[in-house]
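Have a look at the structure first, then read on.

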Amino acid sequence: MLDPKLLRADLDAVVSQLARKGMTFDRAHYLTLEADRKRLQLESESLANRRKEGSKQIGQLMQAGKIAEADAIKEEMANIGEAISAIDAQFSSTSEALDELLLHLPNLPDASVPDGFREEENVVAATVGSAPDFAFEPKDHVALGELHRGIDFERASRLSGSRFVVMQDGFARLHRALGQYMLDLHSDHHGYQETTVPYLVDAAVLEGTGQLPKFKEDLFCIPESNGGGRERYLIPTAEVPLTNLFRETIVDAQALPFRLVAHTPCFRAEAGSYGRDVRGMFRQHQFDKVELVWITHPASSWDALEQLRGHAEAVLQGLDLHYRVLNLCGGDLGFSAAKTYDLEVWLPGQQQFREISSCSNCTDFQARRMQARMRDGQGKPELVHTLNGSGVAIGRCLIAVVENYQQADGSINIPDVLVPYMGTKRLIPPQ
RNA sequence: GGAGGGGUGGCAGAGCGGUUGAAUGCACCGGUCUUGAAAACCGGCAUAGGCUAAUACCCUAUCGUGGGUUCAAAUCCCACCCCCUCCGCCA
């Protein structure tokens, strides 16, 4: 959420910054609501003040035994009470409308974010390594999965429909190895605190990180089967529970930054992507991901973003994969992000770079929604900054490994860092 | 699933219809004392919203959450959420 005070103080700046994200802001609607809010709030509060004073007097008169005088004021206060309820009804409906409007506004892009609205306008910040040079026609992961009998879409769809996968044998093992490798790398070498989290969370938690209320159709919702009860949502990323660990808390600034890592499944309805990436397991309703989250002092979040990006890159470097880093343009930024680096890995099967990680600084946008704060010295509590990044998407990483490490005979070499987890240096297709 | 107990400031813990944003203790900050530290003593110390140039003053709200009763609710009533103990069941 943006700071409501910023909208009041410098609406022009907010409007032009939102425009960089491709968002048109309804100025007139906002100004009307804001004017109403101010008028109604002032009115309601001054009436409440009179009632408070009156009630105090009644208390004093009653104790002094002046019942008749007390009764007179009681009558007056009863009228004020009615006036207050009338004003408050209007006030709460305008302030709800205002909150609703505010909850739907995305974070503002940082100055270092390039202009643009299309994917092609993202800026390549770095390109690392080089594509493997195959002396044969490389297969994609679907063909390799078939050859190794390691990936089974057909049986998965019989269980759950499209966009689900079953993996077995070497592929299943590779999937596990990748998760372990990433978790160990981040917790042992990058200083992250390994964390396990719930996969089902309340709506308020998703509101905290910005998935709700605007993107409900992207989520799987789980009502309790007995009809009543509360609704919970399957997490679309571990960013949601990890970041919300700090909701409604005030931490000591000395304890910052907090750096957390979790390996979880992620669930996405993919409502807006019918027909996209239908082949293979690139885009699934359920996938595993190792997620990195930082909770920082507001003064150090930009430095943290560079470090976070480095930690995600280290995963790919360890696997010796070819990738590039994009500085996303304003129009391509996510709802909560002020700046995002995407890591795209080279997939020989598709002959292109595809997203495997996204690292974002959300500044105080999520912190304000969650009321995640810190206390620095004697001052008032201040909002923290939150960052998140994939470190990295496991299923997509598996695709990258098998496609990049395939051999002419269809076997797949195992990257050195994974050998301890795999117990073998090579996956050989079954006869 | 059954039976009880409980949610109050950073923590512990009083208050159970009236000038209570809330006693007291701990923690924390400032000061006195001390060569220094500790102890002791004195003072300060919630959060949010509004107004505002202001992190000043003032106003409003907040004692798990939401409703209700009342001139007035931390205190009474209702619903819900969460936590704890015991029993049963269970990965």
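The residues of the surface near RNA strand B split into 6 nonpolar, 6 polar and 12 charged. In that count, Ala, Val, Leu, Ile, Met, Phe, Trp, Tyr, Cys and Pro are nonpolar, Asp, Glu, Lys and Arg are charged, and the others, Gly among them, are polar. Keep in mind that this is a predicted model, where local features need pLDDT of at least 70, side-chain atom pairs count only at pLDDT 80 or more, and totals for chains, interfaces and linings use all residues. Residues are numbered from 1 along each chain as its sequence is written, chains are lettered from A and ligands numbered from 1 in the order in which they are written, and side-chain values use heavy atoms, with hydrogens and water left out.

**Around the RNA**
- Arg8, Asn49, Gln60, Arg230 and Arg373 come nearest of the 24 residues around RNA strand B (near means that a heavy atom of the residue lies within 4 Å).
- Look at the RNA atoms within 4 Å of the protein: 67% belong to sugar or phosphate, and the rest to bases.
- α3 gives the most to this surface, with 15 residues (helices are DSSP runs of H or I with at least four residues, strands are runs of E with at least two, and both are numbered from the N terminus).

**Reaching the bases**
- In glutamine 60, a side-chain N or O atom is 2.7 Å from a base nitrogen of RNA strand B.
- Glutamate 45 has a polar side-chain atom 3.2 Å from a base nitrogen of RNA strand B.

**α7 against α10**
- Helix α7 (residues 169–189) packs on helix α10 (residues 301–318) at about 130 degrees, with the axes 11 Å apart (axes are lines fitted to C-alpha atoms, for helices over the stretch in contact, and angles run from 0 to 180 degrees between N-to-C directions).
- α7 and α10 are therefore oblique to each other (under 35 degrees is roughly parallel, over 145 roughly antiparallel, 65 to 115 roughly perpendicular, and the rest oblique).
- Tyr181, Met182, Leu185 and His186 in α7 meet His311, Ala314, Val315 and Gly318 in α10 (contact means heavy atoms within 4.5 Å).
- That contact of α7 with α10 has 5 nonpolar, 3 polar and no charged residues.

**α7 against α12**
- The axes of α7 and helix α12 (residues 394–404) come within 10 Å and cross at roughly 115 degrees.
- α7 and α12 are therefore roughly perpendicular to each other.
- Residues in this contact include Phe171 and Leu178 of α7 and Leu398 and Val401 of α12.

Definitions and conventions. Polar contact = N/O pair within 3.5 Å; in protein donor to acceptor, adjacent residues only side chain to side chain.
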